[in-house]
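Please look over the model below before you read my notes. The points go from the pairing of the chains to single residues.

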Number of protein chains: 2
Amino acid sequence: MKPASSSSSSSASRAPRRKAGTHTIHDVAALAGVSAITVSRYFNAPEKVSAAARERLKEIVDRLGYVPSQMAGGLASGRGRVVCAVMQNIASSTFADLVNGMTDELKASGLQLLLANAQYSRELEESAIRTFAGWHPSALILTRDDHTPAAEAMLQALHIPVVEAWGLVEGRPFHQVGFPHPEAGVQLAEHFLAQGATRIRFVLPRASQDFRAEQRAAGYRQAMQAAGLPPDVAVAEVDDDYEAGARAMAAHAAQAPAARPQALVFANDNMAAGAILEAPSLGLALPRHAAIAGFGDAPISVRLRPALTTLRPARYEIGQQAARRVLGLLAGARNEAAAATRTLVPCTLVVRDSSRVGR
Amino acid sequence: MKPASSSSSSSASRAPRRKAGTHTIHDVAALAGVSAITVSRYFNAPEKVSAAARERLKEIVDRLGYVPSQMAGGLASGRGRVVCAVMQNIASSTFADLVNGMTDELKASGLQLLLANAQYSRELEESAIRTFAGWHPSALILTRDDHTPAAEAMLQALHIPVVEAWGLVEGRPFHQVGFPHPEAGVQLAEHFLAQGATRIRFVLPRASQDFRAEQRAAGYRQAMQAAGLPPDVAVAEVDDDYEAGARAMAAHAAQAPAARPQALVFANDNMAAGAILEAPSLGLALPRHAAIAGFGDAPISVRLRPALTTLRPARYEIGQQAARRVLGLLAGARNEAAAATRTLVPCTLVVRDSSRVGR
DNA sequence: TTGTACGCGTTATCAT
DNA sequence: ATGATAACGCGTACAA
């Protein structure tokens, strides 16, 4: 079976390409006695297909177990039915709740959520965005607002909706859903200031971690200065949050009672939990010897003794709203240059026993 | 955007399809003075491209910010560069660790991990598998072994590696990585039996939750019966694990001391934590009034007082091994009918203060 | 080591 | 409401 034509390799039959093994839209179309495009419309715009055809197609699709190829569809339409999200720490319950909110909201739309974990690193975020670019996503959801210049350039070049979820800052070119983290620091500081405390310490996790925590610390600083009091920010020396909290408590116990801060604001609930759990073995009775507050409203917080006062961000709702914004932007695709919107999903201060300032 | 089409103004039949807006492999090829296939090889098999071409291509790819289209590549090659995983509860730290293990292991391979959340429901798992089928994944990772018949059929029809991670049972047609959960129940029961305890209670979360917990309970039952003792399994009446643990402890306190179980095995660490945190307000001193053990080794467990004895599954490692098995199967693609393998990643019993049986 | 020709399965466009 | 045709961007097979 050599190609007879020695000259320009003409119509010589090539080896048939290996089939993917699954059914294609043409199999379905042939069985239903319609053309492929009708099957396509059956999936993408059922109302444009006659009821009769719809019924026959449903039966055949079910029988064959046919599932449209996302890759072929994405290639043909120029956009993948994918929303990509870059989280900072998949293992934390915070981001898990965000993801749940997004997933639930996107479920009905047929959009698949693609996740990446950047571990609080801008460089990893950039790399994730680059990877995602290959999927031609319909939209992108990020969880920070200080991208690398390269990442920022890619975001502009993609020409798709970009939503920054979790924080809320001014002057960004992208849509945002979340709350201003400095404001959260202010809220916590004022909770203690209102009780007449004058020595309030803010405890940060070890550097190079959650940059949001530092924004909250900045808010705390500002509130202290506004009250004419000296800010007092301590930074943990260990990575484990519980351990860091426990050590902060030990440092507290080591100070002379009169010099001790009256209140400790921890950058997150895990640190605060570590502190509360450690207190008894240090001979400290809470909240008398130290009023405590955290951030995040972890599930454990209400169980601690004393129960932990904390700030509760609406995590699930932020994920949901971010996804909803994406869907809205995709639907009303026209408003290209529409101004970036900012959606506030506020935190709630949850006051429990741990934050009663001793007198 | 320059028209990449070589055929010029002939047969102006149709409107040019809207471009995706990004660069294509041909843009890169043209700038480098090579053909498209060379660019393709530069990405997929760099060693087959001359060093000179490689260097020029690197420069151009960087300058353009070109990223190959996953959809076009997947469509052309018949398999997407995607591994799909169905988790049962994304919000739990258990599954987060699994995901981290998988992600890290897959990172270098260029395979993208697609996640779905089935919330302990077989039906949702089936639906996730159906959705995933449209992506023509290279492999599938699941976290249960009791799929619906329809799901099972799809798994067979996909003709791709399937790995069941987390549990380990006999007689399954798919590869497995994990540990036998009943065995975990046995381990915990025996830890208390070895201390001479005769009244040991197992506390399950509310029904319709984690079916693995019930497998562990079955192991506990078996160990008790083997020791000639009556099993005592309590089932929680509330969904919140902490609350369930607290209530179990209250029920314990309400019993006459002589009739109380000497030891409580909780189906997970969250329940155990709820119990330990509640004990002081019930007037119970642990472990004297109740020896406690959990399962999972949550981060909080070592912080509790008394610190919680628990079983530590190597979650990250299970995720990693599952991904590694996938990569192995994809590399040595030949062994189609190779027998399903089972990889044991054992649990470690972590003994702390909470489980000392009072005498 | 590099290039040519073709088709992967779907949807956009135009036509009926 | 339905169909014919031509892409979408890339990788496989084969040739040089």
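1. A word on the ground rules. This is a predicted model, in which local features need pLDDT of at least 70 and side-chain atom pairs count only at pLDDT 80 or more, while totals for chains, interfaces and linings use all residues. Residues are numbered from 1 along each chain as its sequence is written, chains are lettered from A and ligands numbered from 1 in the order in which they are written, and side-chain values use heavy atoms, leaving out hydrogens and water.

2. Now the interface. In chain B, 46 residues are in contact with 47 residues of chain A (contact: heavy atoms within 4.5 Å). Of the interface residues of chain B, 98% are also interface residues in chain A, so the copies meet through the same surface.

3. How much area do chain B and chain A bury between them? The value is about 4200 Å², with 62% of it on carbon and sulfur atoms. Buried area here is the accessible area (1.4 Å probe) that two parts lose on being put together, summed over both. In chain B, Met71(B), Trp135(B) and Arg303(B) lose the most area to chain A, together 19% of what that side buries.

4. Charges meet here too. The rule finds 5 salt bridges across the interface of chain B and chain A (a side-chain nitrogen of Lys or Arg within 4 Å of a carboxyl oxygen of Asp or Glu). Arg303(B) forms a salt bridge with Asp240(A), their closest N and O atoms being 4.0 Å apart.

5. Next, one residue inside chain B. Thr309(B) sits in the loop between strand S9 (291-293) and strand S10 (310-312). Strands (E, at least two residues) and helices (H or I, at least four) are DSSP runs, numbered from the N terminus. Is Thr309(B) buried or exposed? Thr309(B) is buried, at 0% relative accessible area. Buried means under 20%, exposed over 50%, and partly exposed in between (1.4 Å probe, protein chains only). Residues touching Thr309(B) include His191(B), Ile292(B) and Asp353(B).

6. Check the backbone of chain A. Most residues other than glycine have a negative phi, and most peptide bonds are trans. The bond from Leu286(A) to Pro287(A) is cis, with omega near 0°. Pro287(A) lies in the loop between helix H11 (269-278) and strand S9 (291-293). The bond from Arg305(A) to Pro306(A) is also cis, with omega near 0°. Pro306(A) is in the loop between S9 and strand S10 (310-312).

7. Finally, look at two histidines. His136(A) has a positive phi of about 45°. Its loop runs between helix H6 (122-133) and strand S3 (139-142) of chain A. His136(A) counts as buried, at 10% relative accessibility. His159(A) has a positive phi of about 55°. His159(A) belongs to the loop between helix H7 (149-158) and strand S4 (162-167). His159(A) is exposed, with a relative accessible area of 64%.

Notes:
Lists of a residue's contacts leave out its neighbours within four places in sequence.
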